[in-house]
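Hi,

Here is the structure I promised to pass on. My notes on its salt bridges follow below it.

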Amino acid sequence: MSITSINGAARSRRLSLWIAALTALLVTQITACGGGGGSSGGANTASTSTSITEGTVNGFASVIVDGQEVEDATSTTRVENADGSFSNVALKLGQRVHVTQSVSGAVTGTTSILVQAALIGSVSNINTSAGEFKAAGQWVKTNTDSTAGPLTVYAGGYSGLTSLAANDLVEVHGSATYSTAKAAYVIQASRIDKQASISAVRINGKVASLDATAKTFALNGVTVNYSAATMVPTGSTLANDQTVFVWGPSGSLTGGSAPVLAATRLRINTSTTSTTVVSGTGQISGLASAYNSTAKTFEIDGVVVNAATATMLPTGASLASGAYVSVSGTFGSGGVLTATSIRVRQQDTSTALASIRLHGAISSYVSNTSFVVRGVPVDASAITLAAACPGVTLANDVVVDITATQQTGTDVLKATSLRCQSSVSGYTMRAQQGTAGTVDTAAKTFVLTKTSGTQKVQWSDQTAWGTGVTANTLATVTSTVVVEGYLDTSNVLVARSVRLLGTSDVDRYSPDTGPIYCASTTGTGVTSSTSTTTTGISSITMPCGKANEGWDNYDATYRPGKR
C-alpha cells in the first residue's frame, strides 16, 4: 500500500461524513438499547453538539482514554459484530475505543462507547527478536517502550510475545502508522488478547486499487472480495482511500503470502445518505502518520489533524510520524480536527497520557501490597501506607485512588501514588462475588450470597454478561459469579458486568483457596472449587490455577525479596 496525495476538498468532505457516520452508528446503538434520555414531548430547541474521544483505555476512574476521563457507569459500551448487531462488553486496559457524547448547552447527554479492535484473526510470521508478527494478514508490532505509546497488554493466557504461536486466534487493539520499510501500515499493539474461537475475521484500513467490476480492492496487503458482502451504510458507494471495516467468516482469509478475504460485511466510514455536518470538540490519540511539516498536518488512524496553531506539550516538543500524540481541538464543518493542543508522549511520560489511574473499591485483597482495583492487579510495595492512608486498614471494599505505571512483561501495575477515600461518589465501581439466587428475570434482579452477608443486584440492558452466564441462565448457575457495578441510593449493586469467577485473567490474582475455575481438558465445562460443573462453556481458555498463582509468579520475578 502506498501513500498517495489526496485532494484537500474531497478529503475534508470524506472526514466530515466519517464523523457523521460514526455518530449515527452510535446513536443507533443508544436507540436500540432504549437510551437517549430526551423529552418525549415538545421540540428541543437547545443547540446540540457532539464530543468525540478516541484512543486507548489507560485507566478506570470512570473510564480514562489517554488521560481523558469519561463517565462510563451509565454509558452504552458495546462492540460491533459481523452481522451488524451489537453486544455489551466490559472495558479492558489497552483497548481502543470511540466515545461519543451529546452535549446540549451545558448538559452532557448520552454517552456511547464503541470498542474497536484493529483486527481479529489468526497469527503468522512471528519474529520475536523484532517484536512483531502478522495477524489476519496485517503487520503488528509490540511495544516495550513507554515513551513510544502504551505498553502492550497481553491477555487471554498470554504473558508476552513468546507466548504466541502460529495459527493462534487473537484480537489486537492498537494504532497504526505507515512503515516505508514494509510498504504497509503497521499496528502498534496496545492489547493482544488470545481467543479460543472467533465468529469472524475483521480488518480495517484504507481502500486501494478498487476494481468495481470484479468487486475487489486492496487493504494493506490483503485483497478483499466484496461481491457477496453487505455494505453499510446502505446505498453507499465504495471509493479508493475510504476507511473501511471488513468482516469475513472465520477461515475466509486464505492465500498465504497473497491473502484474500471473502467479505460478508463491509462498513464504510462515510455516509452518502447523510447530509448532517457534525461539529464539536474532540480528543483523538494515537500514532501520528503522514506528517507534513510545511502544512502542519498529519493523520491519526484516518482522522486529519491541522496543527498549525496548536500549543505543543510539553513545551518544546516536536511532531513526527510515528510519535504517540493526544490531540484536543474542534471539528470544523470540513471534518478536520483543528488542534488547540497536542501532547507528545515521546517527550512526556509522567502525565495522565502515559500513567494509569484507577479509582474504585479494592477486591481480591491479599496484602497491603497486593490487591486488585477495577479488575487490574496492583503492586503497592512502593507506597508508604501510613502516609497515604492514615488510620485506614486496607481491605476489600476500601475505596482508593491510585496512579500507576505499566511494567514490561506483566499485567501488574506498579503504584506510584495511593490515597484512600472516606467519602464515596455515586458511581464508585466495585467488584463483589458470591453465588446467585432469588433470580427475577422480570425485575432483572438477583441476590448475591457472599462469604459474609448478601447483596441485592440489579442488571439492565446495558449489563455485559461474560462467557458461560446470561440473564436467562443465571438461575441455573451454581458457580461463583463476579459482579462489577456501583451502589445506588438504595444500596442495590447496579451491575455493569456479570461473569463467572475464573474466566478473566485477573482471577489468577484471586486469594480464594483451592483451584479457581478452569477449562476442562475436553472443553466440555468449567469446574469450580466446590467440584460443581457448569456445562456448555467450551470457549473458556483460562488455564487451571491455584489461589494467588498470579502473585506467586509476579513475586518470583519482580519482588524476589517478598517471596
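**Salt bridges**

Let's start with Arg-559, which makes a salt bridge to Asp-379, with 2.8 Å between the closest N and O atoms. By salt bridge I mean a side-chain nitrogen of Lys or Arg within 4 Å of a carboxyl oxygen of Asp or Glu. Arg-559 sits in the segment after α3 (549-558) and Asp-379 in strand β32, so this pair links parts of the chain 180 residues apart (helices are DSSP runs of H or I, at least four residues, and strands are runs of E, at least two, numbered from the N terminus). Both Arg-559 and Asp-379 are buried, i.e. under 20% relative accessible area, with exposed being over 50% and partly exposed in between (1.4 Å probe, protein chains only).

A quick word on the source: this is a predicted model, where local features need pLDDT of at least 70 and side-chain atom pairs count only at pLDDT 80 or more, while totals for chains, interfaces and linings use all residues. Residues are numbered from 1 along each chain as its sequence is written, and side-chain values use heavy atoms, leaving out hydrogens and water.

In total I get 16 salt bridges. Another one joins Arg-374 and Asp-72, at 3.9 Å between the closest N and O atoms. Arg-374 is in the loop between β31 (370-373) and β32 (376-379), and Asp-72 in the loop between β3 (68-70) and β4 (76-80), so the pair ties together parts 302 residues apart in sequence. Both of these residues are buried too.

Then there's Asp-193 with Lys-92, also a salt bridge. Here Asp-193 is buried at 8% relative accessibility, whereas Lys-92 is partly exposed at 36%.

Cheers
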